[in-house]
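Here are some notes to keep beside you as you look through this structure for the first time.

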Amino acid sequence: MDLPVIQYAKKICEQELRKALAAGKEGGIEIYYQPLVHVSTGKVIGAEALTRWVHPLLGDISPRIFVPLAESNGLVTDLDRYVLTVACLQARRWQDTYGPIRIATNISPHSLQYADFVAVILNILQETRLPPECLEIELTENIAIRQEHTLSILARLKGLGIKIAIDDFGTGYSSLNYLRVFPVDTLKIDQVFVRDVESSQQEVPITSAIIRLAHELNLQIVAEGVETEEQKNYLLRKDCHVMQGFLFSKPLPADQFERFLQASVHSRSRIGRC
Ligand code: C2E
Ligand code: MG
Ligand code: MG
Ligand code: MG
């Protein structure tokens with residue numbers, strides 16, 4: 001049980017977050033986009049949408065703080081819906097100009113429990129006219145995968161053509177069971193396994209085993225948190241080609257992401273699908 005003062009602070013933050021969500025961009029909730037780069041060709045194949053909250057008095061608040069807060073008071077479903085709406089619309093506009101592009105968004109396990117979540121997503125796809133196969137939903141391993149309800153929601157999302165990724169792969173409780181019970185599309189190797197790579201010569205068995213596992217299961221593999229040339233070279237040598245990380249770009253506001261995308265499109269041929 002929290003101390004009364006903490007409870008009080010949480011209440012205030014909750015009210016502030018509610019106001020911010022209701023006001024949209026004017027409320028300080030912004031979506032940044034981090035490029036997903038196919039490194040061997042240099043193409044930007046998509047972006048992960050990451051939320052930022054800039055509070056007028058408190059300044060930048062990290063999603064690592066406000067997402068758990070939103071999860072504890074049920075606001076996270078509104079947040080996830082807002083992010084999906086903005087990101088899907090943005091992705092469709094970029095597609096119109098630059099060709100197919102994937103948009104990945106993080107969805108909280110709480111939203112998946114929400115009865116109408118499939119209808120919410122379907123509605124967003126219809127309104128934004130984004131092809132479903134261009135949307136990838138990132139889930140962490142800690143969702144209650146054994147629950148019938150969750151499984152049926154995931155199956156319906158897949159049935160619509162939406163892609164499903166396991167985020168932070170290797171750090172949750174149930175990694176392998178997850179893969180056994182549900183056909184996901186993509187594994188995102190957690191940053192900790194990328195950080196373990198210090199030189200591209202030195203073998204890093206868990207990292208390379210995760211990549212092999214993905215290949216074995218015919219899954220896409222994305223490495224997150226790539227910061228150095230050594231890490232990039234090691235991953236390429238292990239046949240992991242899609243990467244995300246500060247080495248390529250930090251998460252960017254929409255207009256800056258578009259410039260990054262433009263540069264990639266102009267320097268290389270366009271990609272044919274999401
Ligand atoms: P995540 O989905 O695993 O996102 C990757 C995080 O790693 C992001 O942190 C990103 O800025 C950071 N990152 C990217 N490249 C590098 C790198 O090279 N080095 C390092 N050290 N970090 C890097 P961020 O944006 O602070 O987000 C933190 C987490 O908050 C996300 O982890 C995600 O789980 C959650 N989150 C963010 N936006 C949303 C959202 O809209 N909805 C939900 N439900 N969760 C969100
Ligand atoms: Mg993610
Ligand atoms: Mg991650
Ligand atoms: Mg994470």
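1. Let's start with cysteine 13, which is partly exposed, with a relative accessible area of 28%. Please keep in mind here and below that the model is a predicted one. Cysteine 88, by contrast, is buried, at a relative accessible area of 1%. Cysteine 88 takes part in no disulfide, and the nearest cysteine sulfur, which belongs to cysteine 134, is 9.7 Å away.

2. How many disulfides does the structure hold? There is one, and it joins cysteine 134 to cysteine 274, with an S to S distance of 1.9 Å. As a reminder, a disulfide is a covalent bond between the sulfur atoms of two cysteines. The torsion about this S-S bond is about 80 degrees, so the disulfide is right-handed. Cysteine 134 sits in the loop between α5 (117-128) and β5 (135-139), while cysteine 274 belongs to the segment after α11 (254-267), so the bond ties together parts that are 140 residues apart in sequence. Cysteine 134 is itself buried, with 3% relative accessible area.

3. The largest nonpolar core has 73 residues, and Leu135 and Leu157 are the ones that touch the most other members. Helix α3 (residues 76-98) gives this core its largest share, 10 residues. In soluble globular proteins, nonpolar side chains tend to be buried together. To see leucine 157 in its surroundings, look past its neighbours within four places in sequence: it is in contact with Leu112, Val118, Ile121, Ile137, Ile162 and Ile164.

4. Not counting residues up to four places away in sequence, glutamine 90 touches Tyr33 and Ala254.

5. For another glutamine, turn to helix α5, where glutamine 126 lies. Glutamine 126 is exposed, with a relative accessible area of 54%.

6. Now for the charged pairs, of which the structure has 11 that form salt bridges. Side chains of opposite charge can pair when their charged atoms come close. Lysine 188 and glutamate 138 make one such bridge, their closest N and O atoms being 2.6 Å apart. The lysine is in strand β7 (residues 186-189) and the glutamate in strand β5, so the pair ties together parts 50 residues apart in sequence. Both ends are out of the way: lysine 188 counts as buried at 1% relative accessibility, and glutamate 138 counts as buried at 2%.

7. A second bridge links lysine 238 with glutamate 203, where the closest N and O atoms are 3.0 Å apart. This pair also links distant parts of the chain, 35 residues apart: lysine 238 is in the loop between α10 (229-237) and β9 (242-243), and glutamate 203 is in the loop between α8 (191-195) and α9. Lysine 238 is partly exposed at 22% relative accessibility, and glutamate 203 is partly exposed at 42%.

8. What separates glutamate 229 and lysine 232 in helix α10? They are three residues apart, which means about one helical turn. These two form a salt bridge as well, with the closest N and O atoms 3.1 Å apart. Glutamate 229 is partly exposed at 41% relative accessibility, whereas lysine 232 counts as buried at 17%. Elsewhere, salt bridges that share partners join Glu48, Glu138, Lys188 and Glu224 into one network.

9. Leucine 213, in helix α9 (residues 205-216), is partly exposed at 24% relative accessibility. Beyond its neighbours within four places in sequence, leucine 213 is in contact with Phe169, Leu176 and Leu179. From leucine 213 to leucine 176 the C-alpha to C-alpha distance is 10.0 Å, and the two are 37 residues apart in sequence. Isoleucine 6, in helix α1 (residues 4-23), is partly exposed at 39%. Together with Leu3 and Val5, Ile6 forms a nonpolar surface patch with about 290 Å² of accessible area in total.

Note on methods
Residues numbered from 1 in each chain as written. Chains lettered and ligands numbered in written order. Predicted model: local features only at pLDDT ≥ 70, side-chain atom pairs only at ≥ 80, totals over all residues. Heavy atoms only, no water. Patch = residues over 30% accessible without salt bridge, like charges linked within 9 Å, V, L, I, M, F, W, Y side chains within 5 Å. Areas by Shrake-Rupley, 256 points an atom, 1.4 Å probe, with all protein chains shown as cover. Salt bridge = Lys/Arg side-chain N within 4 Å of Asp/Glu carboxyl O. Helix = DSSP H or I, 4+ residues; strand = E, 2+ residues; numbered from the N terminus. Buried < 20%, exposed > 50% of the residue type's maximum accessible area, 1.4 Å probe, protein only. Core = buried A, V, L, I, M, F, W, Y, C linked by side-chain atoms within 4.5 Å. Contact = heavy atoms within 4.5 Å. Disulfide = S-S within 2.5 Å.
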